[in-house]
Structure formats: structure tokens, C-alpha cells
Amino acid sequence: PESKIVGTSKSLAPSYDWFQTDCSVTVVVYTKQKGMNSEMVILDYEDSRLRGEIIIRDYSYLLNIELSNAVQEDIAVHVAEKVGKVEIVLKKIDNIPWKKLGQPLESHNSFIKRTDQGLYYRKCKLISKTDVTHDTKLFCLLLPQSTHFQVPVGQHVYLKQIVTGKEIVKPYTPVSCSLQTHFKEPSCHDGACLFLMIKIYPSGLFSSELDRLQIGDYIYVSNPEGSFQKSQVQTLEDLFLLAAGTGFTPMIKLLNYVLTNVNSLWTVKLMFFNKTEDDILWRDQLEQLILQDKRFEAQFILSEPSKEWNGKRGKISSSLLSEFFKRSKQDSKVLICICGSAPFTEQGERFLKDLGYCKEEIHSFTA
Ligand code: FAD
Ligand code: NAD
């Protein structure tokens, strides 16, 4: 089948084919891309509908089919990275020959701008909720067995709830379940769970409703989104992280990623702005990481400290930044990542530009 192409060269568009055995059906997508990986494939199977989205840079290829026969929930996805082939292996429930794969649904076999694809949501089950601080909790959501997706470093998802009859959508940044780079959550196999660190505002529309969810309740979770690219850190020597409050969330996976994968890395410095000591997220884990990894340093700065606090005080300023963010060597390859409230992020960008950092050396996490 040939795909509908909008806004890009036809020769670049992926195509698909399918074949079957007695007990399985395999859908193969030829992406015509090198360097594919499993993060680029998002698969859902619900109510006999198979939806596969393959992300190729700013574009998205969609398979959207009402399957002609029922299949089991456990679907395997194989990505042949070098040749760019994606195989989706479905297990038949009845071992009968299929005459066709199924009925095409909306936008099936299209290759369009990712931003035009629209967000797809699936229902995930809340399986645990644990306190991080007095007002912030770690929520663990279980993806449906037939869903395959991983949230890349630096990307967020949207959560959707119906509040008093109205659909409300807010972005949240999935985190690792720990800063321990080798820690594995025993109850959750890879990719099956999403961990979200969320601050509950008593008068917050969405977060207060989220806090009312009970274990076993469901919530809608979208496909991942975001502009951060791993290539921004691949050959990095210094990584400076500037976080305020829950703006710490994108830094979690980023820390895990760079400390295990970026060989060129000399230093990672985190400046973490909070109101009080009680607001510092994962302070114990951060202090442990400082001891464990010589490359990592953190500084906590409080805007409303108690009298006993001997650490840094105040809000983001040019002098605090220039004091702490010192390059490991002159002209080192550096990236500064910023995340917090909009005014915090804007001030951070401005101060850093004034200090001589260029646009390519600054990444702000925003929706
Ligand atoms: P809202 O109803 O929006 O209110 C939030 C707080 O602000 C309340 O205390 C409210 O009283 C107060 N408030 C609202 N409007 C005003 C106003 N005009 N003036 C003064 N005060 C006001 N949050 C997380 O906790 N974890 C994350 O991982 C996370 N990731 C995010 C990723 C992205 C890309 C973005 C953009 C945001 C992220 N957020 C995250 C923030 C999150 O999306 C919500 O904004 C947050 O949960 C608050 O939503 P709410 O509906 O509960 O509160
Ligand atoms: P908070 O209100 O507890 O503030 C934490 C610190 O941020 C303060 O101590 C202060 O140092 C600094 N700060 C706050 N407002 C500031 C301002 N106007 N100017 C300068 N500095 C300021 O923070 P919170 O309640 O945890 O909120 C975190 C913010 O981060 C939210 O606005 C949230 O939407 C945003 N966030 C964004 C993303 C993203 O990816 N874009 C991810 C997570 C959180």
C-alpha cells in the first residue's frame, strides 16, 4: 500500500506490508530511515483497533486499522535499527487464515507533520502513589499490556481527566523511579510503567483532582512530546542544570542518561531553587549521587529559608549563576538546561545570555 503524503517527498515516506503464519500476523513497516530505535515506535491495540505511530524527526507515519480478527494483548515490536524496519508481531486468537489485515481507519498510512497528527490517549491504571515531600507525590501508572511506548529523555506527556463534566489536559514530565542509575523497580518491567512526580496545589484544578484518584483508578495519558534531542548532549563536556521546584522533573532522566551514556562528560552541576528545605525534591538521593559520582555537584538555593539554613539564599541572579557554573576548562562544550515557572525560565535565559552563553548552549524545557 502507498501512503498519503503531505508536505514531504513521496520517496521518503514509509510503507507497510503484512504476512501471516498459522498462529501469527506480522505487520512490517519499512521506514527507509537509518538509526531507528524503539523510542520512535508507539503502538496501541484497543477494541480490535491497531494504531502504530512511527516518529521520524518532525514527521509521523500512522498505521490505523480495525483488524479483521481478534489478537492477543501481548504484541511484540522489533526494530531493526540499521535497516529501519519495524515488525509488529500479533498473535491470533483463532488460528484461522486472515483474508485481509483489516479495515483502514482515519489517517491510516499517512505520513504527516508530527504536530498535525493530534495527541492519542490511552487509559492507564494508577498502581501506586508515594510521598516525595509534604506536597509532591510520585505516581506510578501502568500502561495497557498492548501499549508500547517509551518517553524519551526531556519529553513530556499530557494527562487528561474529566473534571465536573469538562475535559482538562495538563503536561507532566515522566521521571525515572530513582536517581540511582542502576536501580530497577522490582514490580515494573521495562517500559510498562510511567512514573510522574507531581506537586499537589490545594487550589490547583488538575493536581488536586489527580490527588483524589485511588489506586486502581484510570487516567488518560498521551503520546510523548517535546523538543529536546539526545544529540544535544552526545559530545558534551559540561552540563549545567537550572531547576526551580517541580522544574526538577526533566532533569531526573537527563541526569541518569548523561551519567551512564555520555563518555565525554566532565562535570554536571545542578542549581536547584526552592522556597524551603522541605520543598527540595529527592534531596537524599541527590546527596547520595554527589557522593557516588565525582562528576556531579548540586547546590540548593532557598527563597524562603528558615533562620537555621546555612546554604545559599535568594532567587535566580546573574551572580549566583556565574559563581557556580564554572566550566571544567576554557571553551568546553557546554549545555545549560533550564526548567521552572515561565518567569524563572525567562530570567535564566536572559542572565545566561548576558554572561556570554549563546543560544545553542541553552535549552529551556517548555510545553
Ligand atoms: P492550576 O489550577 O493551574 O493552579 C496552580 C497553582 O497556581 C495553584 O496554587 C493556583 O492557585 C495558582 N494559580 C493559578 N493561576 C494563578 C494566577 N493567575 N496567579 C497566581 N496563582 C495562580 N508539574 C508537576 O508537578 N510535575 C511535572 O512533571 C510537570 N511537568 C510539566 C511539564 C511541562 C512541559 C509543563 C509546561 C508543565 C509541567 N508541570 C509539571 C506543571 C503542570 O502542567 C501544571 O501546571 C501543574 O500541575 C498545576 O496545574 P493545576 O491545574 O493543578 O493548577
Ligand atoms: P515554587 O513556586 O515552589 O518555586 C520554586 C522556586 O522557583 C522559588 O523558590 C524561586 O526561587 C523560583 N521562582 C518561582 N517563581 C519565580 C519568579 N517569578 N521569578 C524568579 N524565580 C521564581 O515552584 P513550583 O510550585 O514547584 O512550580 C514549578 C514551576 O515549574 C511550575 O510553574 C511548573 O509549571 C513548571 N514546570 C515546568 C516544566 C516544563 O517542562 N516546562 C516541568 C515541570 C514544572
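**Notes on the two ligand sites**

1. Let me start with a backbone contact: a backbone N or O atom of Lys275 sits 3.3 Å from an oxygen atom of ligand 2. Keep in mind that this is a predicted model, so the distances below are computed from predicted coordinates.

2. Tyr201 brings a polar side-chain atom to 2.7 Å from an oxygen atom of ligand 2. Overall, ligand 2 has 860 Å² of accessible area on its own, and the protein covers 75% of it.

3. Who else is around ligand 2? The shell counts 21 residues, and Lys199, Tyr201, Thr246, Ser303 and Phe365 are the closest. By type, the shell splits into 11 polar, 7 nonpolar and 3 charged residues.

4. On where ligand 2 sits: the space it takes is the largest pocket. Two elements give two or more residues to its shell, namely strand 19 (267-274) and helix 5 (342-354). Helix 5 supplies the largest share, 3 residues.

5. The domain picture is worth a look on screen. Ligand 2 lies between domain 2 (121-222) and domain 3 (230-364), because both of them give residues to its shell.

6. Now for ligand 1. There are 18 residues around this ligand, and those that come nearest are Pro171, Tyr172, Ser203, Phe206 and Ser207. The shell of ligand 1 divides into 8 nonpolar, 8 polar and 2 charged residues.

7. Which polar contacts would I check at ligand 1? Ser203 has a side-chain N or O atom 2.6 Å from an oxygen atom of the ligand. A polar side-chain atom of Tyr172 is 2.7 Å from an oxygen atom of ligand 1, and a polar backbone atom of Thr173 is 3.1 Å from an oxygen atom of ligand 1. As for cover, ligand 1 taken alone exposes 970 Å², of which the protein buries 59%.

8. The space taken by ligand 1 is also given as the largest pocket. Strand 14 (166-172), strand 16 (193-199) and helix 1 (205-211) are the elements that give two or more residues to the shell around ligand 1.

Note on methods
Residues are numbered from 1 along each chain as its sequence is written. Chains are lettered from A and ligands numbered from 1 in the order in which they are written. This is a predicted model: local features need pLDDT of at least 70, side-chain atom pairs count only at pLDDT 80 or more; totals for chains, interfaces and linings use all residues. Side-chain values use heavy atoms; hydrogens and water are left out. A residue is near a molecule or strand if one of its heavy atoms lies within 4 Å of it. A polar contact is a pair of N or O atoms within 3.5 Å; within protein, one must be able to donate a hydrogen and the other to accept it, and residues adjacent in sequence count only if both atoms are side-chain atoms. Accessible areas come from the Shrake-Rupley method with a 1.4 Å probe; for residues, only the protein chains shown count as cover. On a 1 Å grid over the protein atoms alone, a cavity is a set of points where a 1.4 Å probe fits but cannot get out, and a pocket is an open set with protein on both sides within 12 Å along at least five of seven lines; lining residues have an atom within 4 Å of a point. A molecule sits in a cavity or pocket if more than half of its atoms lie within 2 Å of its grid points. Helices (H or I, at least four residues) and strands (E, at least two) are DSSP runs, numbered from the N terminus. Ala, Val, Leu, Ile, Met, Phe, Trp, Tyr, Cys and Pro count as nonpolar, Asp, Glu, Lys and Arg as charged, and the others, Gly among them, as polar. Domain bounds come from an automatic or database domain assignment.
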